[in-house]
Amino acid sequence: MATAKLPVLALPHPSILLPSARVTIPVSKSLGQLLLSLIEGSDALPIVAAIPLTSPVNDDKTLPPPPDVSANQVSSDLPLAEWGTAARVLRLVRPPASTRTSPQQPYLVSLHGLTRVRLLPSKNKLTAQLVTSSLQTRDVEYPPQETVPSKEAVERFKQAAGRLLERLSRDSMQLSRREGYAKILGMLDDLQDARAPWMADVLMGTLNSEYADNLAILSTPDAEARLQTATTIFLKQASISEVSRKIASAVDESLSKQQKEFFLKQQLTAIQRELQALQKGSGDSPSGNANNLPSGPIDTNAGTADKGSGSELDDDEQHEADDLADLKRRIEAMAVGSEERKMGVREWRRLKRIPQGSVENGVIRTYLEWLTSIPWPNSAPLSPSSASTSDLKDRSFLKNARSQLDSDHFGLEKIKKRLIEYLAVVRLKELNNEKEQQTQEQNSEPKAEGKEVVLYDKQQSSKIPSSPAPAPKRRKAIRGPILLFVGPPGTGKTSLGQSIAKSLGRPFQRISLGGVRDEAEIRGHRRTYVASGPGLIVQALRKAGRPDPVLLLDEIDKIGQSNFHGDPGAALLEVLDPEQNWNFNDHYINVPVDLSQVLFICTANSLDTISTPLLDRCEIIQLSGYTYDEKMHIARRFLLPKQLTANGLEPEHVTITEPALLHIATRYTREAGVRSLERAIGGVIRYKAVEWAEYLDKGGDPNVIHQAESVPQENQAANSGKPTYRRSVLESDLEQILGISRYDESEMEREARRGLIYGLVVTGAGEGGVMPVESIAVPGTGKLKLTGSLGDVIRESGELALSWVKRHAWELGMVDRPMEDVLKAGRGLGMPGSKEAAVDIHLHLPAGAQKKDGPSAGVAMTCALVSLLTGACVPSTTAMTGEITLRGRVTAVGGIKEKVLGAHRAQMTKVILPYANRKDVEHDVPLEVRNEMEFVFVRTVQEALEAAFGKGALGWRGTVGDGAGRHVLMESRL
Ligand code: ADP
């Protein structure tokens, strides 16, 4: 065995240099200089024995021997390993200060491992300090020539190394590394057996093996043994790498799963929170769906609210389950075999198939909620308030109905009489119906028992259970007339409807049709439509909760005409037609709904815009408005108590004196109904309520209320120092409470002027009133100009009036010759300037006039023209209405009661009316109004002129005496 003397260079722990590997290590200054002198002193590159240190050694201090001193150590106090490598010093560099690892080790020395050497024991012990600061020359021994290892060992080695390299190349992130590993793998294949130990050294040097493994390899000079050690190390490393890879991916997987779980849980909590907030927001409605359904007749929450056990989440599920159970119960309550039940069952099945929480599920739920909450006539009664005829059977029904009407409304005697007739008919029909049904039931029962039931469809017979379910029966419709209340606003149309419902003991629902343009609003939207829902009729039925409510169709005259959204009027026709309405088709519900038990009452302000087929189905009841006297009674008996309760006062707190009330009615309101009156009274009461509250706040005695007389002067109260409250409202207080009265001024403006006449009209709201007809002469060519809110008819009326005046101009003394045109006669007609010029006449009807009032303004227009052309004036307290014909006849017009009441409100004292309307005045106009006004009934224009201008005021030429005969002659010629 060859030995040699080599300077020993200690490799800092944990560096190890294996043969054929390279290493660069930092060395101290002294060591660096020693190395330098060594390099300089030799011809070739010097060789040193690079022996690894077994434990970390500080340059300055000698460390105590490490606790894990390996067996390879020469002696326990020697810090060097037994085996090292003979290495060539390739380079010694002094790198710049910034890149140095430590200031104590300024040099870097690069070594190339050549072969193993063993440090031979020597007498001079090596200390840690010695080996790190000096190059001690020592005896080293070279191992004998390596033998060729066995084939099996080589094979095992190759396999282990291959496995490790593969693993490493697979796990490596860097491409260059991967390629390097692949290259070595390739070399392994062609490896000769003799080179295998060398390969083991190379691989161990390349792979970042542990210190102990490297040392083990270094300390094993025998080729076979070394190969085995390397194989074991490689196998160990490969499996460590595999396991750590597996662990990493498993950890990865479990982490991402955990994250997923966490994320989903977070989402779930957020969704539940949102749902809870929604449910809280939508009150106690458990369904809380988009359509915000009103709760049906059944209390779906019963029992769930006070369970109170478990968490909120449990509660939610409980609610859900209760809802569904309730829905199911309602479907089961529907008549067996009925259309609605079939539909309900079908949709229920669909609901079960569709996952909860989906949009479709919500849509079906909403539909089923609607379907099941409609009061189907044959459904088992779920609510206690089911239809009953007990009220009707009561012998005193009519008497009760009468007292109900009386207690709700003042006056309206004729209307009440008609309503009692109506109620009597409804009652009779209902009772007959019931009797008929009973006898039918009695007849059918024994038959079913005695005989075998023969089914008309034999195929179906097998499906039908032994006791067939009774087919749903339809109650006979009450085909009374449909009442239509027509009249101005505030005349009690709606409240009459309510009274009828009350006396019949049925629920009352009002459907406002004003402005309904879309047929779908009545019939509902099809379910395909987004946010679809049922129409107004079905909604009202649901709210009523019974199949036989009183439905008030309010303002049917304001319903939209046929347009591209369909014809709402036509839908209404179907609703009101007793022949069709037992299977009314709502597009949303899509099951025929029976409306035949519903009592329909309609209201309208005027009849003009109502289509004829609709009018045909209705019986019209006119409410024309109230006289001041009636209004006073209504105010005292109904409106005042109502407003007092509404504003939290007692009757003893406020009294409105009679003159004050009349002042409110005449000066602050001018309407046919009592709406504004009610508002004005409400204003007064509110004012008093504030006063009363202030009085109490100031410490006033609630039991001491002064009458008006007891506190005549305000200053008296101030003197006494005590707060006072006056309960009476006097006429003089009104200006302070309600402001300046609205209707004084227009009265002041009214004056008797040439060419100005007051006609009478009925406005679109059905209210009567006074309309001025103004006329003036303007320079022109003898034409008539008409302005104002006029229709074609009124234009013709104007022409007619002018023709009549022109024809009778000579008799009326307007022209000097019989056939002269009065407009071209050059009489100036009150205009200053040339008497020769022809004139045009401008006739103006200011706002408020209705197109339909055309013909009825005929008399007023004629009088206006006569006044203009003759210069005679009509007093401003005279109003007139009437249609004229070319022959000069005055024919009847409509709306007499409204017009007369309107004239009365406008404080007219004389009204000129067509003779044919005499009966209307006698029948319709209240006596008190008749007593306060003078009525002149006229047959001809001539009579009208006389009534308007006064007898003899116009000075008729030659026709007055024998005029009758000549008129007859003229008429016959026409
Ligand atoms: P409409 O439907 O005709 O517009 P309402 O029925 O709404 O009018 O009536 C308006 C108010 O006037 C209601 O408070 C009603 O009670 C009251 N009212 C109308 N007429 C009378 C009457 N004859 N007697 C008592 N109150 C009346």
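In which loop does Asn590 lie? Asn590 lies in the loop between α18 (568-576) and β10; helices (H or I, at least four residues) and strands (E, at least two) are DSSP runs, numbered from the N terminus. The phi angle of Asn590 is near 60°, which is a positive value in a residue other than glycine.

A word on conventions. The model is predicted, with local features needing pLDDT of at least 70 and side-chain atom pairs counting only at pLDDT 80 or more, while totals for chains, interfaces and linings use all residues. Residues are numbered from 1 along each chain as its sequence is written, and side-chain values use heavy atoms, with hydrogens and water left out.

His13 and Pro14 are joined by a cis peptide bond, with omega about 5°.

I turn to the ligand. Which residues come nearest to the ligand? They are Gly490, Lys493, Thr494, Lys642 and Arg675, out of 19 residues around the ligand, where a residue counts as near if one of its heavy atoms lies within 4 Å. By class, the shell holds eight nonpolar, six polar and five charged residues; here Ala, Val, Leu, Ile, Met, Phe, Trp, Tyr, Cys and Pro count as nonpolar, Asp, Glu, Lys and Arg as charged, and the others, Gly among them, as polar.

A polar backbone atom of Phe410 is 2.9 Å from a nitrogen atom of the ligand. An oxygen atom of the ligand lies 3.2 Å from a backbone N or O atom of Gly492. In the side chain of Thr494, an N or O atom is 2.5 Å from an oxygen atom of the ligand. Of the 560 Å² of accessible area that the ligand has on its own, the protein covers 90%, as computed by the Shrake-Rupley method with a 1.4 Å probe. The elements giving two or more residues to the shell are α15 (493-504), α20 (628-646) and α22 (675-697).

Now the sheets. Five strands form an open, parallel sheet in the order β8-β9-β10-β7-β11; two strands pair if DSSP finds at least two bridges between them. At its edges are β8 (508-512) and β11 (618-622), each pairing on one side only. Within this sheet, β7 (residues 482-486) and β10 (residues 599-604) run parallel and are joined by four bridges, with Leu484 opposite Cys602 in β10. Helix α17 (residues 536-544) packs on the sheet and touches β8 and β9 (550-554).

The other sheet is also open, with seven strands in mixed pairing, ordered β16-β17-β15-β14-β18-β21-β22. Its edge strands are β16 (784-788) and β22 (934-938). What is the sense of pairing between β15 and β17? Strand β15 (residues 768-779) and strand β17 (residues 839-845) are antiparallel, over six bridges, and Ile776 has His842 in β17 as its bridge partner.

Conventions
A polar contact is a pair of N or O atoms within 3.5 Å; within protein, one must be able to donate a hydrogen and the other to accept it, and residues adjacent in sequence count only if both atoms are side-chain atoms. Contact means heavy atoms within 4.5 Å. Axes are lines fitted to C-alpha atoms, for helices over the stretch in contact, and angles run from 0 to 180 degrees between N-to-C directions.
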